[in-house]
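Please look over the structure below before reading on. The questions that come after it can be followed on the model itself.

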Amino acid sequence: GPCTECSCSSGKEPDKDPSHSKKKENGDRLCVPKIFFGTRTHKQITQISRELKRTAYSCVPMTILSSRDYTCIHPVVSNSSNRNEMCVEFLEGKHGKSCSYYHGVHKLSEHHALQSAPRVYQAWDIEDLVSLGRKLRACPYFAARELMVGADIVFCPYNYLLDPQIRESMDIKLKDQVVILDEAHNIEDCARESVSYGVTESQLRAAREELDFMVNNSIRQKHHEPLRAVCCSLI
């Protein structure tokens, strides 16, 4: 089959893998770009990974970046209203013990990486990763991020590529990479959302009270006064 031709990497050492770098004349390595494929919803990623599975490229190392809402399997964190905060608290050991699923990440990322031998590796979707994570008691959220290092194609929702804060937290570097945006007519709305923030009047009033306290007690006045002025003008 076509997969026997492609040199799939193990995902462990992408820089030593011939498919990931070409030698330049002067001996420098020229990195082969990753493809970042952005979609509007997580559901579309499932459809696209299913399509990838049917092509000659289903053996290409891949990963899917998605939120903890879809990938957290910790019994406490996954039932929390704010999974991100709760996850960080568990990683820092604030609840007496650390997250055992996080410490098992390598079991999942290496398991997927090992399958990238020709004719064995298959394109997968989030559900596949999560069910394997449950079996291995390993965190799918962090495993997917680890797999990004050796991946040739990275699937994710638009905002992971558009929102600078998410890009930074996910360690996504788009320089010299290939970016594909599916249904790109939705980009404007997505870009607007990523730089918009909703706030209620009661939140503004509470913020003003806190800032009043800071200013009146001479706590970093020059930083807090302009913020108070913004709150007052918005109210």
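The questions and answers below concern a predicted model.

Q: How many of the residues of H7 are buried?
A: The buried residues of H7 are Pro 140, Tyr 141, Phe 142, Ala 143, Ala 144 and Leu 147. The helix is thus mostly covered, and of its eight residues the number buried is six.

Q: Is Thr 63 buried or exposed, and what is its relative accessible area?
A: Thr 63 is found in strand S4, which runs over residues 62-64. Leaving out residues up to four places away in sequence, Thr 63 touches Trp 124, Ala 144, Leu 147, Met 148, Ala 151, Ile 153, Val 154 and Phe 155. Buried means under 20% relative accessible area, and Thr 63 is therefore buried, because its value is 0%.

Q: Which residue lies 34 places from Ser 109 in sequence but 5.0 Å from it in space, C-alpha to C-alpha?
A: Ser 109 has its place in helix H5, residues 105-114, and counts as buried at 6% relative accessibility. Apart from neighbours within four places in sequence, its contacts are with Ala 143, Glu 146 and Leu 147. The residue that is 34 places away in sequence and 5.0 Å away between C-alpha atoms is Ala 143.

Q: Why is H11 described as roughly antiparallel to H12, and at what angle do their axes cross?
A: The contact between the two helices is made by residues that include Leu 204, Ala 207 and Leu 211 of H11 and His 224, Leu 227 and Cys 231 of H12. The crossing of H11 and H12 is left-handed. Angles over 145 degrees count as roughly antiparallel; the axes of H11 (residues 201-216) and H12 (residues 221-234) come within 9 Å, and H11 is roughly antiparallel to H12 because their axes cross at roughly 150 degrees.

Q: What is the phi of Arg 137?
A: Most residues other than glycine have a negative phi. Arg 137 lies in the loop between helix H6 (126-136) and H7, where it is partly exposed with a relative accessible area of 47%. Although Arg 137 is not a glycine, its phi is positive, at about 55 degrees.

Q: How many salt bridges does a search of the whole structure find?
A: One of them joins the side chains of Lys 94 and Glu 92 at 3.4 Å, N to O, and both of these residues are exposed. Another salt bridge joins Lys 175 and Asp 176 at 3.8 Å, N to O, and here too Lys 175 and Asp 176 are exposed. Over the whole structure, the number of salt bridges found is nine.

Key
Residues numbered from 1 in each chain as written. Predicted model: local features only at pLDDT ≥ 70, side-chain atom pairs only at ≥ 80, totals over all residues. Heavy atoms only, no water. Salt bridge = Lys/Arg side-chain N within 4 Å of Asp/Glu carboxyl O. Buried < 20%, exposed > 50% of the residue type's maximum accessible area, 1.4 Å probe, protein only. Helix = DSSP H or I, 4+ residues; strand = E, 2+ residues; numbered from the N terminus. Contact = heavy atoms within 4.5 Å. Axes fitted to C-alpha atoms, helices over the stretch in contact; angles between N-to-C directions. Parallel < 35°, antiparallel > 145°, perpendicular 65-115°, else oblique. Left-handed = near helix turned anticlockwise from the far one by under 90°.
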